[in-house]
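Please look over the model below before reading on. The briefing then goes through a few of its features, grouped by topic.

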Amino acid sequence: MMAKRDNRPATLSAEKGSALVMVIFIMVVLALLLAALAYINAQSNQNSAYQIASTRAYWAAQSGAEWGTYQIAPATGSAASRCFSPNPAYPGIGSIPGLKGCSATVACSSSATAASTTSYQITSQGTCPAGNLGAGHSPVAAVRSVIVAISNASGGLGGQCVNCINNCLINYCFLLNNTYFCFGGLNGCLHHCGVNLDRCTSVQCLYNQCGGTSSAQSASLSYWLENP
């Protein structure tokens, strides 16, 4: 008696092998996607943390600049006749709400720019910790800087006149190769200062038209900007 031949196709094992390969491939792809999403999320958290620290550092620098400006040009009384001491200074800004853990380094430099006029430049650098940004990253801090320029002139009508001239030059002129190039509104601005531009060919000539001065100091802000 002969056994019956099994006519079923012998493809079951091959199908099982193909399915296993497909499952492994899908698992690898999903693992890579999850790893990529985890990395993107970590980077996003790190960027957010640093942006927050950078914003805090900016306001720390602004606070330091305000402190330095007040030392040179206080709200009441006469303006300063020299830079503050110690220089650089480290005002305590950590008690300001939102700036806990931050610090500011404030430096001052001065130079005589005209008769009875001294220019001060205040540089304030704010630093705030961004903390630990995750594995593979050392703890970092965000740093921002602000620069302020102030002109102090001897008081009285003469000091006010010099400050007025300085403001006109800032608003209507630009300096190139030690030469002022000015726009049409300068003459009208100087007229309000009591100065006649037609009689002068130099800035010093404008200053010379200012009246007498006293020992008191008056201050004017030249610029206030962020140092990139």
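Helices (H or I, at least four residues) and strands (E, at least two) are DSSP runs, numbered from the N terminus. This is a predicted model, in which local features need pLDDT of at least 70 and side-chain atom pairs count only at pLDDT 80 or more, while totals for chains, interfaces and linings use all residues. Residues are numbered from 1 along each chain as its sequence is written, and side-chain values use heavy atoms, with hydrogens and water left out.

**Nonpolar surface patch**

- Isoleucine 26 sits in helix 1.
- Isoleucine 26 counts as partly exposed because its relative accessibility is 43%; buried means under 20% relative accessible area, exposed over 50%, and partly exposed in between (1.4 Å probe, protein chains only).
- Together with Met22, Phe25, Val29, Leu30 and Leu33, Ile26 forms a nonpolar patch on the surface, with about 570 Å² of accessible area in total.
- Patches are made of residues with over 30% relative accessible area and no salt bridge, where like charges are joined within 9 Å and nonpolar side chains (Val, Leu, Ile, Met, Phe, Trp, Tyr) within 5 Å.
- A salt bridge is a side-chain nitrogen of Lys or Arg within 4 Å of a carboxyl oxygen of Asp or Glu.
- Accessible areas come from the Shrake-Rupley method with a 1.4 Å probe, and for residues only the protein chains shown count as cover.

**Aromatic pairs**

- There are two aromatic pairs in the structure.
- Tyrosine 58 and tryptophan 59 make an edge-to-face pair, with 5.1 Å from centre to centre and 75° between the planes.
- Rings of Phe, Tyr and Trp (its six-membered ring) pair if their centres lie within 6.5 Å; planes under 30 degrees apart count as stacked, over 60 as edge-to-face and the rest as tilted.
- Tryptophan 59 is partly exposed, since its relative accessibility is 48%.
- Tryptophan 67 and phenylalanine 84 are also edge-to-face, at 5.2 Å centre to centre and 65° between the planes.
- This pair links distant parts of the chain, 17 residues apart: tryptophan 67 is in helix 1, and phenylalanine 84 is in the loop between helix 1 and strand 1 (103-114).
- Tryptophan 67 is partly exposed at 29% relative accessible area, whereas phenylalanine 84 is buried at 10%.

**Buried residues**

- Threonine 69 belongs to helix 1 (residues 12-72) and counts as buried because its relative accessibility is 15%.
- Leaving aside neighbours within four places in sequence, threonine 69 is in contact (heavy atoms within 4.5 Å) with Pro74, Ile122, Val148, Ile150 and Trp224.
- Isoleucine 147, in strand 3 (residues 140-154), is buried, with a relative accessible area of 12%.
- Isoleucine 147 and glutamine 62 are 85 residues apart in sequence, but 9.1 Å apart in space, C-alpha to C-alpha.
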